[in-house]
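Take a look at the chain below.

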Amino acid sequence: MAEGMCSLLLLSLLLLCIVGSCELCHAWWNKDFCYDDEFCPGAVDYDTRGGPVAGKLNVHLVSHTHDDVGWLKTVDQYYVGSNNSIQVAAVQYILDSVILALQEDPNRKFIYVEQAFFQRWWREQSKHKRKIVKRLVKAGQLEFINGGWCMHDEASTHYIDMIDQTTLGHRYIKKQFNKVPRIGWQIDPFGHSAIQAYLLGAEVGFDAVFFGRADYQDIAKRRIDRTMEFVWQGSRTLGSTAQILGGVLNNRYSPPDGFEFDIQSAEPPIQDNPLLYDINVQEHVDSFVKFAVEQGKDFRTNHIMWTMGDDFTYENANTWFKQIDKLIHHVNKDGRVNAFYSTPSIYVDANHAENVTWPLKLDDFFPYADCPHCYWTGYFTSRPTLKRYVRQLSAYLQVARQLEFLIGKSKVGPTTDSLEEAMAVLQHHDGISGTEMQHVADDYAKRLALGAAEAEELVGSVLPILLSSKLEACYEKEINAGSGDTSRSPPEMSDSPVNKDTLLKVQQCALLNISYCPPTEADIVSGKSLVVVAYNSLGWAREELIRIPVTNSMLEVKDSKGNVIPSQLVPLSEGSEKVRNIYINGGSQNKDLIFYLVFYASVPPFGYNSYFVTTSMANNPNQARKSSVEKLDSGAVVLKSHDLTLTFSRNGQLMHFENHRTKTNASIEQSYCWYNASDGNTNKSRLQASGAYIFRPNSSTCFPIQDPDNYAPLKVIRGTLVDEIHQEISPWVFQVVRLVKTSEHVEVEFVVGPIPIEDELGKELVTKLRTNISSVGEFYTDSNGRDFVKRVRNYRSDWNYNVTEPVAGNYYPVNLGLYLKDNEKEVSLLVDRAVGGSSLTDGELEVMLHRRLLHDDFRGVDEALNESICIGNGVPCQGLVVQGQFFINIHPVGNAARWRRTQGQKIYSPLQLAFAVIPETNHSTITTPEFSSLIAGYELPPNIVIITLQELDEKNLLLRLAHIYEANEDAELSQVATINLENLFAHRKIDKLLELSLSANQLRSKMKTLKWKHESGAQMVGSPIRGARIKDGQFSIEIAPMEIRTLSIKFKNDN
Ligand SMILES: [Zn+2]
């Protein structure tokens, strides 16, 4: 305050005191002030220093902002601050403002999480500003926490995508700041997975993971037991070798009431100026101490954390920091508790130093409920087509990265970078979860489509080089230009010696899933061959049936050696035609007769094989066989493969499943039904409706789709390679049951929607399997597509569970599959995307496939989840139609893991098809019709998959090998596997090999994580096993069950 103003105040106060007594006068009279070089009473030099003090309750004040990577606004709108009529939020100003505020006082600290935003901002900063930020990071004033591209969802995400998005953020932080985030900060996701704890936590090198949301019953008990913080051991297999400190935050991620200091907050600021009215500083101090002491009772040490921030707060960082400065000063002057600027890392270190024993937590935190009728289990299925799109592109990204590595990453594009970034954005907890507004979901899909288009361009440019044997030519050029070293380095697309104009034109079909593929549907004229290239991104050789839509019924198929192979024509189902007509033909009927041409492709690992489809003369015995089609409306149906006999009821319901090879049989009835979504009461928010987040059926009844008295006619399609049953179960539920002759499982393809809402009832569609398995309340669901977690109906392992929602409260996230077992057999169901699933009655499994709702569920999104398709051209919009697949199998008990793991991997990574047309007489234009990038004859063992093969900017290869079996899951395959890495690279020689942490931002050997003492109670499967450390100069590596090893490889002759 200026001296002149002080004099004025002095005069005014003198006047006030003559007129009568007052608070201000009192303050003035009792103080010496406003002399030269002294402060007025309103001016305080706040003491913001401080740190933990022994013997006191220490309140760690953590300044933070929670910035959703898309929710009510798109990620870019949140960044720039547009569309503020929906939500006032602008991340660019948050970061601008925080950086200025941190410079004002070296004691102030701030944490930042979402790299999707930070990197947008960083790329816009001047050199000068970057220097300042680097200084703040170095000084510990700005700390990166969590540090992934987004704060990923934990229910509908696949572990490979979680690793990818975390790696993307961590690599930037490492490169720009040479920092390694220490703490997991999953403060907003709606439930927490075992994978998050042990894989994305401990294996990343985090010391702790904090979150804001846990079941309200769970939290109530944790407060009493003082188990809000615990040692979390998420892996049954890796056990004590992958533990982390877990913590439920005290007040979700907000400060206690009265301490929300945002510019938008309605709460009064701290007023400590005695010259002004409404002094409230003592009330704030008293309230601070009261909240702190109350919170302290629920926690084990004399350290507690306050999360000083909320959604998109700190747009004016000054309002927060100024108030917290005052708080720290006055609270510490008061002395009852000790407060200071802190970060979760400082808090964790302080807790660790206390050397206390923590409770042990196994399994996970699903499902999450925030009140008795509010189970957040709807989002496991919300936006099923967006969830499928993400899963499909997850696999495609792996394919594109493998091909990018083979040819060398281009500096000028196309690259896989934009798909990588789009996929990372989608993992956000309001992205793939389906809890964003519709316009944001549209933006997400657009980002994915643009990234996929670039990756497709990349794949389309690499395959012709491989097919025409030009890969060698590319390498030769490098060798000639180089030192003469015969070892090879990758050529680059940009300076490729290959004349692209002379290469084949390869096309891909992103809409093959809805039976649409222009190159295969075009008339294959006489004299031309349609080349079908099937790429296999797994390290195992595969023989699988592939299906392409064709319009010509006179076709034959040859393999790459010129031998005719068996093929079959299968008519499209009514369901497939319906979807195709909606999207391709604008709702009108397809004019051309469409079949699926099916044949076996035999594809080497990490490679491809080519097949040649040509027109065939009449009466040619090699021609694709037409399937027989029977229309049935009564009597049972039996389908047989080599080992299976499936019996269906006369209305097409699967009834019985028998495997002759394994001598197993079970009654399995498969059906569809729907729950009537609670409509709550729009006038009273506490009457909970089913919505994007929450699943709340208004009764436990699941209404059958099929009218038992009215049998829908069904078509039975039989052929030499595959049999199918096509059914229209209702006008909005279609199904194909497919039995491939060499297969031991059943594949079910469903087309559901538009869900009818004319009756004004929201509906949630499930498929149920009713079996004769005595499952005694138990079932198993996967954690993010990896470990399986045992679930017990109406039971929670951590507290005495009060059942208020018998259906929704038993739903769990499913990414890979779920199963039931008894003493004799197991029934498994595998899925093609994230869904919700349960077992509500012994012997039953169910998964939710689609939901269409008419009310908002009051968790902020303020829209009903009522997705529609609008294709334009004057065609009216209609409800979303979903197409997908699930897979069913039975096994003798203890023998099912092998199918679940192998088939699950194949579902995740389907053969990727590409097409070209060449002259029939000149198949020699394809000089390399079959290719594997592994050394000849090598394939990975059946328990190992490569989950990352990505060339990084530094020309290093990032390679992750994952063991896909848990301990004791399979007698033969739950063993340590050994891989000689040299076998993986037929075209390159390894020079250097380093093992990294899971997110590839530090050497594994340098990874130091805190060890935590815990109470006993660990459920271990023997002692955990880890692969041996890699010895210098050796390229052989051991991988133990459920282990993932992350490697950085440099090849010889790389620059
Ligand atoms: Zn959030």
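Are His66 and His429 buried or exposed? Both residues are buried, where buried means under 20% relative accessible area, exposed over 50% and partly exposed in between, with a 1.4 Å probe and protein chains only. This is a predicted model, in which local features need pLDDT of at least 70 and side-chain atom pairs count only at pLDDT 80 or more, while totals for chains, interfaces and linings use all residues. Residues are numbered from 1 along each chain as its sequence is written, and side-chain values use heavy atoms, with hydrogens and water left out.

Start with the zinc ion. Its protein donors are His66 (NE2), Asp68 (OD), Asp188 (OD) and His429 (NE2), at 2.0 to 2.1 Å. Donors are N, O and S atoms within 2.8 Å of the metal (3.2 Å for Na, K and Ca); water is not among the atoms, so sites may look incomplete. The spacing in sequence is H-x1-D-x119-D-x240-H. His66 and His429 link distant parts of the chain, 363 residues apart. His66 sits in the loop between S1 and helix H3 (75–80), and His429 in the loop between helix H14 (417–426) and helix H15 (438–467). Helices (H or I, at least four residues) and strands (E, at least two) are DSSP runs, numbered from the N terminus. The angles among the 4 donor atoms run from 92 to 160°, and the site is irregular. Four donors count as tetrahedral if all angles lie between 85 and 135 degrees; four count as square planar and six as octahedral if opposite donors are over 155 degrees apart and all others between 65 and 115; anything else is irregular.

Two strands pair if DSSP finds at least two bridges between them. S1 (residues 58–63) is joined to S8 by 6 bridges. Ser63 has Met308 as its bridge partner in S8.

Helices cover this sheet. Axes are lines fitted to C-alpha atoms, for helices over the stretch in contact, and angles run from 0 to 180 degrees between N-to-C directions. H11 also meets H4 (residues 91–104): their axes come within 8 Å and cross at roughly 35°. Contacts (heavy atoms within 4.5 Å) bring Ser97, Val98, Ala101 and Leu102 of H4 to Ala317, Asn318 and Phe321 of H11.

Now move along the chain. Pro605 lies in the loop between strand S17 (595–603) and strand S18 (607–615). Pro605 is buried, at 6% relative accessible area. Beyond its neighbours within four places in sequence, its contacts include Trp540, Leu934 and Tyr938.

Further on is a hairpin. S31 (residues 778–782) and S32 (residues 788–792) pair antiparallel over 5 bridges. Tyr780 stands opposite Lys790. Between the strands are 5 residues, and Asn784 takes a positive phi near 50°.

Finish at another open sheet. Its 4 strands run in the order S43-S44-S48-S46, with antiparallel pairing. S46 and S48 (residues 1044–1051) share 6 bridges, and Glu995 stands opposite Leu1047 in S48.
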